Amino acid sequence: MAAVTGADRTQPTDRATLGPVAVRRRCRVPGTVLADLGSDLVWQAAGAWAAAEDTVRDLGARLADHLGAQVPTAPPEQRRDLLRARRAAFNARPLPDRPVPGGEPVASYTRMVAARDSARRELDLALGKLARTAGAAVDTVLTDPDIAWSVELSVPGLLAAGPLGVLDPAAGRRTRRRAMTLLRLVQRAATKPTPFAGFATTHLLFRDGPATVPRRHVRVQRAVVEWTRRWIAADGHRILRPEHLWLTANPSALVREDAEGPRVTWLASGPDGAERVLSARCNPALADTLRRLRTPVRLDTVAPDGTLPAALTTLAARGLLELGPVLPTHGRRVLHTAAEATRPAPGAGAETAQDVHDTLCDLRDAEDDLAVARHADALHRARRGVARLARTLQAAGQDAGRAAVGEDVVGVATDDGILRTSPDVLADLGRVQRIVPLLGAELPFQLATAIAFRRRFGADPVPLPAAYQWFLEAGRKESDALLTDCTADELAAVLHLRERLFTGLRAAADRSGTEVSCDPDLLDAVAARLPDAVLDLPCAAWPVQVAGERLVLNGVGSGHGRFAARVAADLDDTRTAELRTWASTAHTPHRDGIPVDISALLGATVNEHPLLLPAALACPGRALECPPENRIDLSACTVRAQDGRLLLFSDRFPGRPLFPVPHNATLPTVAPGLYRWLSRLGPATGATLDLWDHVDARTAPHDPAAVRHYPRLTLGRLVLSRRTWKVSGAALPDPAPADPAEETLAWYRWCARTGVPRRSFLRTTTLPDPWDVVRGRADKRPVLAARSTSGAAIRKPLYVDLSQPLCRPAVTAAPGDTLTFTEPLPDPVGPGPDGRVTEYVLEISQPPRA
C-alpha cells in the first residue's frame, strides 16, 4: 500500500480531494487456489510437445530430402522402403519398422520422434493429473461452509450431487455442465471481489474510529415487496386494515390553467411498465386535495372503516393518488413492516389478504432465521414463500427460486493506507476525471435532448411533467433525428474531441513495447475544449486495485457516497452522518448545485440504501418510497435550457440547480423511462474505461484472423488500461480436435504466436460505441443484450486459464465475435500479503470547470 501513499492524511489539492470513506471489497477465497485449478505442468508439457513437434517436422523435411536423393541409385528391393520412409518423414510420422539406410539423420529423427511421443504422453498424464487436482481443489474450497453457502445461494441445488471428484472435460453433458459451473464459481470467488452472494467481504474504511467485525446482511429478494406494493395499490387496500396504509398524491400531478379552465396532468405507469400522460379537469376541491396530500396521511384518518370515499377511490384508480405502506428503504425491518401492513380487515376477500400476510410472515421469519444462522430449512422456506407469493399475486415470469435470498458480508474498519493516497496520484485521477464525460454512454442522448428542448422551448422554464410529456410525444423522435447525422454544433464538437482523444491514444498504441505512457497534455487539451453543454463529473467513484507501485483503474462511476450507501445499512448514526456530510458537500457540475437522489427502489434488493443526499425526487407510483421530509415532487420542479445543458430547479432550493445522482445499483439504462430521463439531468453515471475498445473500433483489421495487441497504458502511477488483445472468433484455435491433448497443444501454440497470456481475463462481447449505434453505424443488439437481466455476463470479464480445458472460450465464440483478453493485473494467483484479491472504491471531488 505504501506505493500509492504519500501522507498521513490526504490534504486537499487545488484540483482533487479524496473522500473520507473508502469501500474495500475482498475475495473470501484465496487467489492461491487458482494454481490448482490450472496447471503449469500441463503448459510446460504442451510446450515440450510443441518444441519436439517442430523439431520433428524440421528433421523430417531434411530426412525426406536425404532419403529422396538415395531413391534413384538404390537397389529395386530398397526403393519401396525408402519411399515409404521418405513419406513418413515428410509427414512427421514414425518411420516404418523395416530399416532403411540413412545413418545419423535417420537416428536423429527416430530419437526426436520418440521424444515427441514421450512429450505427448507427459501431456496426457499432466491433463489427467489436472482433472484430479482441480476437482479436489474445488471440493476443498467447498468444504468451507461460507463458500458452500454462497454457492447454494447462487445456484440452488448445485451441491446436492455431492463432491465433484474429477474435473473430466470428456464427461457427459450434464456432469460437464455442473463441473464447469462449480469451476467458474470458485474462480470468480477467487478473482472478482464483488458482493455476489457473500463471496466477498466488504469493509467501509474510515480514517479513525472503532471497527466492527463483518456481519452478514441477509435479505429475501425484494421483488416480493414490489409485488405486494402493486397489489395493495390496485385492490388490496380494500381488504387491509387502514391504520397500516398511507395515502398521498402522485408526485407528478400538476395543476395548470388552460383555455377551458384548470386541468391536472399526471404521469401514470401501467402494469406492463408503459408510461402514459393523463389529464383531467380540476375543480378547486380536487386541487386542494392534491395539495394537502403532498404529505402522506394515514388511511384511517381519511377512511376510518377502511372504505375510501368514492371520489378518492376514482382518483386512486386513475393514478392521481397513491396507496400503500410506508416501508423502510433499507435495514432489517423491511419485511417486518410489510407483513404488518398486510394484516387483513374482517370481511369479504380476507382470504387473499390472509394468504399474503401469512406468506410475508413466513418470509420475515425465514429472513430472521437466516440472519442468525445458515439453516437450509430456512432457505427452502424462503424459496417456497417467494414462489407462493408470486402465484397468489399473479406475478408471472418471476424466477422465484434462483435468487430468493441474497447475502452481503459487511464490516467497518480503519484506513489501511488507501485513504492516504498521494497527491500526485490524486492529481492524475482528477485529470482523467475531466474527460470521463466523453466516454459515458448517455452523453449523446443528453446532448441531443438538450438541443431539441432548447429549439422547442428556448430559455423558458418548463414544468418537469410537461417537459417529460414533450419528450414522450415528440422530443425522443426529435433527439433521435439529431443523432442520425450529429451535425448540431455541440454534437459535432464532442465527436471531434473524441476523435482527437482516440487518435492520440492510437499513436501511443503504435509505439513499441508492452507499456506506453498516456500524454497528460492530450487529456488536458481535450478537457479544456469540452463544450459547456457537457456536464462535468466533479464527484467520481473509482474502483481500483493496487499492483505494486501502481494503482489500476477498473472503471469510474458517479460519487456522492453512492457505493458506500449500498452497504451502509448497519452504520451507526455518527458514521452515517459523516457519509451524509461528504455526499451533500462534494462538488456538482454547478458551483451552487444540489445533488439529489431518485427514490425508486424498483423492487431490486441491491437498491436498498439509506438516503445520504439532501433530498430525493419522488417518482410516480413510488411516492411512498421517499421520506416526506426529503421529498421533492416532480410537479414542483422546472427544467430550463442553460449554456447548452438541461438544468433542473425546485422551489425547495431557489435558484440552485438540482443534479440527480441515483444511488441505486440498477443501471439507468435498464430502468424505466422516467428514471432514465431524470438520470440524464445529472452528471455521467460512469464509464468502463475500456479505452482500447474505442481505439480498436477505429482500426479496420486487414486480416480477420489477426490478433490485435494494445500495450498497457499508464499515466504516472495509474494504469488506465491493461495490456489487451482483440481477437475475432475466426482467429481462435480450430475447435475440431476432440482429443484434449491436441486441443491443449493448439491453445499453447496460439498463445505463443499471439502473445495472449495463458491466464487472463476475457470479455466475450465487445459493445459498440454508443455514438456509432445512435448514428446507425453499429448493430444495437449487443447493447440490448447487455441491458438484459443477464447482461452482466456480457459486460464483465471472467478469469480464464487456458491450461484448463473447461476454461477455453472456443466453444462459445462465433466467427463474427470479437473477444477481448486482458492481462491479469494485479495477478490474482499472487495478490499480495493477505493472499486475496482486493478492490477499493475511492471517491474524488474537484470543482467543475469555471
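Biologist: Is Gly38 buried or exposed?

Modeller: This is a predicted model, with residues numbered from 1 along each chain as its sequence is written. Local features need pLDDT of at least 70, side-chain atom pairs count only at pLDDT 80 or more, totals for chains, interfaces and linings use all residues, and side-chain values use heavy atoms, without hydrogens and water. Gly38 lies in the loop between helix H1 (34–37) and helix H2 (40–70), where helices are DSSP runs (H or I) of at least four residues and strands (E) of at least two, numbered from the N terminus. Its relative accessible area is 4%, and under 20% counts as buried, over 50% as exposed and in between as partly exposed (1.4 Å probe, protein chains only), so Gly38 is buried.

Biologist: What separation do the C-alpha atoms of Gly38 and Asp572 have?

Modeller: Gly38 and Asp572 are 534 residues apart along the chain. Their C-alpha atoms are separated by 44 Å.

Biologist: Which strands stand at the edges of the open sheet?

Modeller: The open sheet has 3 strands in the order S9-S5-S10, with antiparallel pairing; two strands pair if DSSP finds at least two bridges between them. An edge strand here has a single partner strand, so one of its sides is left without a neighbour in the sheet. The strands at the edges are S9 (297–298) and S10 (321–324).

Biologist: Which residue in S9 is the bridge partner of Trp246?

Modeller: Strand S5 (residues 246–249) and S9 pair in the antiparallel sense over 2 bridges. In S9, the partner of Trp246 is Arg298.
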